[in-house]
Amino acid sequence: MNTPNNKRGRETEERMERVFVELLQSRNLDQISISELCQKAKVNRTTFYAHYDGLYSIADAIRLKLEANMKEMYHDAIGLRVNSHDYLKLFRHIKENQVLYRTYFKLGYDNQYKIITYDKDLSAKHFGNKLLSYHMEFFRAGITRIIKMWLDGGCRESAEEMFDVIKSEYQGREQ
């Protein structure tokens with residue numbers, strides 16, 4: 001009997017997602033076929049479609065897992081409705097999961113921006129609610145670009161060094 005979320009089904013999904021991510025490291029999404037993915041993951045198309053609606057569906061599943069992992073990492077701060085300002089934790093996570101983050105950005109999910117949140121209350125305090133949306137976009141675009149550059153360079157710098165870059169850009173502001 002096929003029980004949803006059984007161990008074998010989860011292992012099959014993990015294998016298909018792992019192969020999908022591997023394929024994305026050398027190609028774009030539109031250059032990957034379901035047939036090739038199934039062949040490399042050693043599953044048939046019926047099995048693939050039992051788990052996913054198509055390639056965008058598997059891409060979304062990977063995105064959701066990464067975003068859920070991020071939420072879990074900042075669970076305490078989210079529960080208290082505060083910004084932990086712990087970007088060191090973020091940079092360590094990125095360094096440990098470089099392939100997943102490269103995949104996330106390659107699929108264009110950074111435009112939906114769910115992995116980094118912006119503390120609107122703290123910003124209102126710093127900027128007096130003036131042009132807040134511009135400040136938020138500046139921060140999001142800046143940190144995204146820094147993360148992408150770091151990933152493109154193979155994360156040679158330490159997470160601590162990257163955190164220092166962020167801190168130095170916000171010197172003089174109360175946290």
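Arg63 lies over the face of Tyr109, 5.1 Å from the ring centre; a charge counts as over a ring if NZ of Lys or CZ of Arg is within 6 Å of the ring centre and within 35 degrees of the ring normal. This is a predicted model, in which local features need pLDDT of at least 70 and side-chain atom pairs count only at pLDDT 80 or more, while totals for chains, interfaces and linings use all residues. Residues are numbered from 1 along each chain as its sequence is written, and side-chain values use heavy atoms, with hydrogens and water left out.

Arg63 is among the buried residues of H4, which include Leu55, Ile62, Leu66 and Met73 (buried: under 20% relative accessible area, 1.4 Å probe, protein chains only). Helix H4 (residues 55-73) has 19 residues and spans 27 Å from first to last C-alpha, close to the 27 Å expected at 1.5 Å a residue. The expected span is 1.5 Å times one less than the number of residues, and helices are DSSP runs (H or I, at least four residues) numbered from the N terminus.

Rings of Phe, Tyr and Trp (its six-membered ring) pair if their centres lie within 6.5 Å; planes under 30 degrees apart are stacked, over 60 edge-to-face, the rest tilted. By this rule there are 6 aromatic pairs. Two of them are tabulated.

| Pair | Centre to centre | Angle between planes | Class |
|---|---|---|---|
| Phe91 and Trp150 | 5.4 Å | 80° | edge-to-face |
| Tyr104 and Phe105 | 5.8 Å | 80° | edge-to-face |

Phe91 in helix H6 (residues 87-96) and Trp150 in helix H9 (residues 132-152) are 59 residues apart, so that pair links distant parts of the chain. Both Phe91 and Trp150 are buried, as are both Tyr104 and Phe105. Ring pairs also join Phe48, Tyr49 and Tyr52 into a cluster.

Conventions: Helices (H or I, at least four residues) and strands (E, at least two) are DSSP runs, numbered from the N terminus. Buried means under 20% relative accessible area, exposed over 50%, partly exposed in between (1.4 Å probe, protein chains only).
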